[in-house]
Amino acid sequence: MGPMTVTAPSSSGTLRPAPGAPADDRQRAWWRTAVIYQVFLRSFADGNGDGVGDVPGLRSRLGHLAALGVDAVWVNPWYPSPMVDVGYDVADYRDVDPRFGTLADAEALVAEAHALGLRVLLDIVPNHTSSAHPWFRAALAGDPAARARYLFRPGRGPGGDLPPNDWESCFRGPAWTRTVDADGRPGEWYLHMFAPEQPDLDWTSPEVRAEFEDVLRFWFDRGVDGFRVDVAHGLVKAPGLPDARGADRRTEPHPGWDQDGVHEVYRQWRAVADAYDPPRVFVAEAWVPRPERLPLYLRPDELHTAFEFDPLHVAWRPGPWRRVVERGLAAAAASGAPSAWALTNHDVVRQVTRYARSQPPEKGSNEAERARWGTEAPDLELGRWRARAAATMTMALPGAAYLYSGEELGLQEVEDIPDARRLDPIHTRSGGTDPGRDGSRVPLPWSGTEPPYGFSPPGSAPTWLPQPSGWAGLTAAAQEADPGSTLRLYRTLLARRRQLMTGPEPLEWLSAPEGVLAFARGAAQCWVSFGPDDVALPEGWRVVVSSRPGVDAVLPPDTAVWLVPVGAPEPAA
Ligand code: NOJ
């Protein structure tokens, strides 16, 4: 493996402060190197004892996040919602669901987070509303102005009995549902790229555009620092809604996704965000089928960052991982926007579990991963070591990084949730053949030796998803007391990352033995072994962070370390 230099994002010099730039400029560019913690609110901490996480619970646990050392939190949707898709079905964009708290709780959270030096990002869901949103109710009642905000179309075939086109829902089945007219007769169809309870908005409507700009301002005025943009590539559809003719939305151009018209929306949003001091920021969830189109979302007058999704599914193997890192850094160099790395989120199988079974040649998928739960036993200890090594590697990469609730505790996917307790529409819409995403969304264990592990106050209702019986050793309290724990590793990683890995230096690949990736970031190096053999670490270098306790001169399999030259001053604690 020859040395190679990948230049870190640098083209937008005005956005990226030089190392000696005034502190104020560095503050404004915080998102370029930030570690952002995704709070899956309903599973983070339960303040009121109903078995569902909430804003008071999050407020009570902000200390955990400050101690972890993250720069910001991203809170999954907390708006009033029928919760068909854990809140990604929004009925009111300007309030908080009573199960999660009140608007006053939300304002207090923002203030308390800011006092701790943590920024707050929310999740905006602009592609669709809930079918319980007043706009959609009015649309179903026949109000033409309300119908123009959604995508209602007559059906095809005799009597309009067939859907208007051949698009499929991401949650399986047709992306269209037929309505019933006031006289009881079958009416038009409406489009929903997700569940029928999530009707897609028509972003050619000026009212839709004005409404979302106003929603952005509503939260920005309350001090919110930015938004994760749900389904950012979906808002605008091809004119005429033509058939997709079998195109796979994940790998091929599709008239329902990634249309050029969406960029005008983000230019308007960027102007809204830039009018604030400090400017507010956006991170896009944009699954574009052609990677070369992702930088379009990241032009200087559009969104700030977009998630790198390759790490969510890449195999635990050196070749595929190196390709993922190179692609991400090349995209960052092309756009001038930093990479936004994530090993997991609430939509994918947790990495401990992904790495606990045999690895695919290059990459896996949620469906393939879940399909083998019944047939291949997981080696969770192995998965945990690999997950720790993966975190040690990604925390050393240039750019921003996202952590998902429970990742810092090394939680595995909960595979044995009884079907009757599963709530994800993917499970129901697959006719029960796919277990869906609930296993990555189980309430966090905070303390104690049995469920609810401090998630809810004593005497509370059962947690909304059952927790497994074996999590006593994984609670935050247990790991706090153990210097070798995953929690303590993450804290060390975040603290040392600030000292060693956030500079503007490019990433330089180093020669390394088979099975190992090694790269330099300025004065520090990161070495990652994917196994199967022990490997000697270079002489003249000293281990300052290790994903496995006790590593010194030899790098064991499934382990990552950060090195500094022998004699380099010990970074401040
Ligand atoms: C992406 C979200 O991450 C996912 O959880 C949700 O189901 C869909 N968007 C629909 O909003």
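Where does R172 lie? The points below take up this residue and several other features.

1. R172 is placed in the loop between β5 (152–153) and β6 (176–180); helices (H or I, at least four residues) and strands (E, at least two) are DSSP runs, numbered from the N terminus. Its phi is near 85 degrees, a positive value in a residue other than glycine. R172 counts as partly exposed, at 35% relative accessibility; buried means under 20% relative accessible area, exposed over 50%, and partly exposed in between (1.4 Å probe, protein chains only).

2. On the basis of the note: this is a predicted model, in which local features need pLDDT of at least 70 and side-chain atom pairs count only at pLDDT 80 or more, while totals for chains, interfaces and linings use all residues. Residues are numbered from 1 along each chain as its sequence is written, and side-chain values use heavy atoms, with hydrogens and water left out.

3. Y453 also has a positive phi, of about 50 degrees, although it is not a glycine. This residue is found in the loop between α14 (425–429) and α15 (476–480). Y453 is buried, with a relative accessible area of 1%.

4. The protein chain is divided into domain 1 (4–129 + 207–480) and domain 2 (134–191), with bounds from an automatic or database domain assignment. Their centres, taken over C-alpha atoms, are separated by 31 Å. Contact (heavy atoms within 4.5 Å) links 26 residues of domain 1 with 19 residues of domain 2.

5. Of the 13 residues around the ligand, D85, R228, D230, H346 and D347 come nearest; a residue is near a molecule if one of its heavy atoms lies within 4 Å of it. The shell divides into four nonpolar, two polar and seven charged residues. Here Ala, Val, Leu, Ile, Met, Phe, Trp, Tyr, Cys and Pro count as nonpolar, Asp, Glu, Lys and Arg as charged, and the others, Gly among them, as polar.

6. An N or O atom in the side chain of D347 is 2.5 Å from an oxygen atom of the ligand. For R228, the corresponding separation is 2.9 Å. A polar side-chain atom of D230 lies 2.7 Å from a ligand oxygen atom.

7. F40 is found in the loop between β2 (35–39) and α2 (55–60). It is buried, with a relative accessible area of 2%. Leaving aside neighbours within four places in sequence, F40 is in contact with N76, V86, H346, Y404, S405, R441 and W464.

How values were computed. A polar contact is a pair of N or O atoms within 3.5 Å; within protein, one must be able to donate a hydrogen and the other to accept it, and residues adjacent in sequence count only if both atoms are side-chain atoms.
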